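Student: I would like to learn how to read single features in a model of this kind. Could we go through some of them together?

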Amino acid sequence: KKEARFSLVTGTLMAVFFSATAGFLLFQHAYFFASAILKTPQTAGLLRITAVSIPLCAIHSCIDSYYYARKKGRPITALIAAGGSLAGETAASLVSLLVVSFHFGNHPVHEKTPVRIFPLIKDLFTLSFPISLNRILLTLLGSIEAVLIPQMLLRSGMTASDSLKIYGIFTGMALPLLLFPSTLTSSAAVM
């Protein structure tokens, strides 16, 4: 147990050192990365914010890895995952509402012109329908993938435990590595 704690502390200190170094370099050279690599100088500020979060992510990963290796803690069930998703969405909604309330508090509306509601709804629907449909289809296709891949692995002769393990490795390690370049291009495309 003492050796495990020593490993956790040593690994965390090393991870914090290297991640802080990487974060510092990214913070200092954010404009270079934004303009030369991402080709969008406007992202320099966002890269600086991301640079600050890198050491925090390293600490989180080290602590998670420690508990995974020790097989301690509560097993993650679908109920815990759904509850975590609900808590995250609730927190994000509350923060968004808080920011919007500050925005409207600082910019009160003084005009008394009547708002024509039906043209406004039509304009909003014209913009929101394709975006909403895209998100719904992405979620639906992701759900189909999450169901079909383990089922096909089961059909190939694997056990249920092994098929979920392989699927977890595939989605948790292999896909992020393969799709990392698309993260950069997607971020640039959204801007």
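Student: Leaving aside its neighbours within four places in sequence, with which residues is serine 163 in contact?

Tutor: First, a word on the source: this is a predicted model, in which local features need pLDDT of at least 70 and side-chain atom pairs count only at pLDDT 80 or more, while totals for chains, interfaces and linings use all residues. Residues are numbered from 1 along each chain as its sequence is written, and side-chain values use heavy atoms, with hydrogens and water left out. Contact means heavy atoms within 4.5 Å, and by that rule serine 163, leaving aside its neighbours within four places in sequence, touches Pro150, Leu153, Leu154 and Met158.

Student: Where is serine 163 placed, and is serine 163 buried or exposed?

Tutor: Helices are DSSP runs (H or I, at least four residues), numbered from the N terminus, and serine 163 belongs to helix 6, residues 160-190. Buried means under 20% relative accessible area, exposed over 50%, and partly exposed in between, with a 1.4 Å probe and protein chains only; serine 163, at 1%, is therefore buried.

Student: What about glutamate 145: which residues is it in contact with, apart from neighbours within four places in sequence?

Tutor: Glutamate 145 lies in helix 5, and its contacts, with those neighbours left aside, are Pro150, Tyr167, Thr171 and Leu175. Its relative accessible area is 33%, so glutamate 145 counts as partly exposed. Leucine 141 is also placed in helix 5, which spans residues 117-155, and with a relative accessible area of 54% leucine 141 is exposed.

Student: How many aromatic pairs does the structure hold?

Tutor: A pair of aromatic rings is described by the distance of the centres and the angle of the planes. Rings of Phe, Tyr and Trp (its six-membered ring) pair if their centres lie within 6.5 Å, and planes under 30 degrees apart count as stacked, over 60 as edge-to-face and the rest as tilted. The structure holds 3 aromatic pairs. One of them joins phenylalanine 32 and phenylalanine 33, whose ring centres are 5.6 Å apart with planes at 65°, so this pair is edge-to-face. Phenylalanine 32 is partly exposed at 47% relative accessibility, and phenylalanine 33 is partly exposed at 30%.

Student: Which residue has a positive phi although it is not a glycine?

Tutor: That residue is lysine 39, with a phi of about 65°. Lysine 39 lies in the loop between helix 2 (30-37) and helix 3 (44-70), and its relative accessibility of 61% is why lysine 39 counts as exposed.

Notes: Helix = DSSP H or I, 4+ residues; strand = E, 2+ residues; numbered from the N terminus.
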